[in-house]
Amino acid sequence: MSKAQLPAASLDELDLEILAALSIRADLTNKALAHQLGIAESTCAHRVRSLRDRGIIRDTRIRLDEAALGFPLQAIIKVRLANHTGEKVNALFDALAVMPRVLQVFHVAGVDDFLVHVAVQDAAALRDIVLEHITVHPVVRGTETQLVFELRDGSGLLAR
């Protein structure tokens, strides 16, 4: 079993408390996290390092305000494929993920094959993404674009 496939049962209550705290504020210093949880800084550092080593904490990212950076228009582009060979699906997945202005790409089951979440400056830029970066792939059968009016975070995996 790989590190990333360890069962959730290998997490104890302290691990879950650390994960819950970091899920809310990933920028907490080790000192602040240890203080918040009432544990020694060395214990906290060891636990966080172990969670990273086991692949439970995958990364730490900042969240940007897309509108403040000049990209106020968000959309979900549904992509349907004409051909579903593994090699072609993976090649398109890779191509979608590295496109400019792409926030997330989901490979999904159902009528659509991919959902591409983008942030762009205007409708023309959105059109260009669809026409110049997505529909040009021979494996793509069609697209449908939905505008995002508002986005809210969910409560997360460890909400109590």
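A salt bridge is a side-chain nitrogen of Lys or Arg within 4 Å of a carboxyl oxygen of Asp or Glu. The views below come from a predicted model.

**Figure 1. Aspartate 27 pairs with arginine 25.** The side chains of these two residues, aspartate 27 and arginine 25, form a salt bridge. The N to O distance is 2.9 Å. Aspartate 27 has a relative accessible area of 55%, so it counts as exposed. Arginine 25 has a value of 43%, so it counts as partly exposed. Side chains of opposite charge can pair when their charged atoms come close.

**Figure 2. Aspartate 153 meets arginine 63.** A salt bridge joins the side chains of aspartate 153 and arginine 63, with 2.4 Å from N to O. This pair links distant parts of the chain, 90 residues apart. Aspartate 153 lies in the segment after strand E4 (140–148). Arginine 63 sits in the loop between helix H3 (41–53) and strand E1 (73–81). Are aspartate 153 and arginine 63 buried or exposed? Both are exposed.

**Figure 3. Aspartate 128 pairs with arginine 127.** The side chains of aspartate 128 and arginine 127 make a salt bridge of 3.1 Å, N to O. Aspartate 128 is partly exposed, at 26% relative accessibility. Arginine 127 is also partly exposed, at 46%.

Figure 4. Which residues are linked in a network of salt bridges? They are Asp12, Asp15, Arg47 and Arg54. Across the protein, the count comes to 10 salt bridges. The protein carries 18 positive and 20 negative charges.

**Figure 5. The setting of the close-ups: the whole chain.** The protein has 5 helices and 4 strands. From the N terminus, their order is α-α-α-β-α-β-β-α-β. The radius of gyration is 20 Å, well over the 15 Å that the globule rule gives for 160 residues, so the protein is more spread out than a compact globule. Its C-alpha atoms fill a box of roughly 55 × 40 × 25 Å along the principal axes.

**Figure 6. Contacts and surface.** Take the contacts between residues at least 6 apart in sequence: 63% of them join residues at least 24 apart. Buried residues make up 29% of the 160 residues. The protein exposes about 10,700 Å². Carbon and sulfur atoms supply 54% of that area.

Conventions
Residues are numbered from 1 along each chain as its sequence is written. This is a predicted model: local features need pLDDT of at least 70, side-chain atom pairs count only at pLDDT 80 or more; totals for chains, interfaces and linings use all residues. Side-chain values use heavy atoms; hydrogens and water are left out. Helices (H or I, at least four residues) and strands (E, at least two) are DSSP runs, numbered from the N terminus. The radius of gyration is taken over C-alpha atoms; the globule rule is 2.2 Å times the number of residues to the power 0.38. Buried means under 20% relative accessible area, exposed over 50%, partly exposed in between (1.4 Å probe, protein chains only). Contact means heavy atoms within 4.5 Å. Accessible areas come from the Shrake-Rupley method with a 1.4 Å probe; for residues, only the protein chains shown count as cover. Lys and Arg count as positive and Asp and Glu as negative; His and the chain ends are not counted. The place of a charge is taken as NZ of Lys, CZ of Arg, CG of Asp or CD of Glu.
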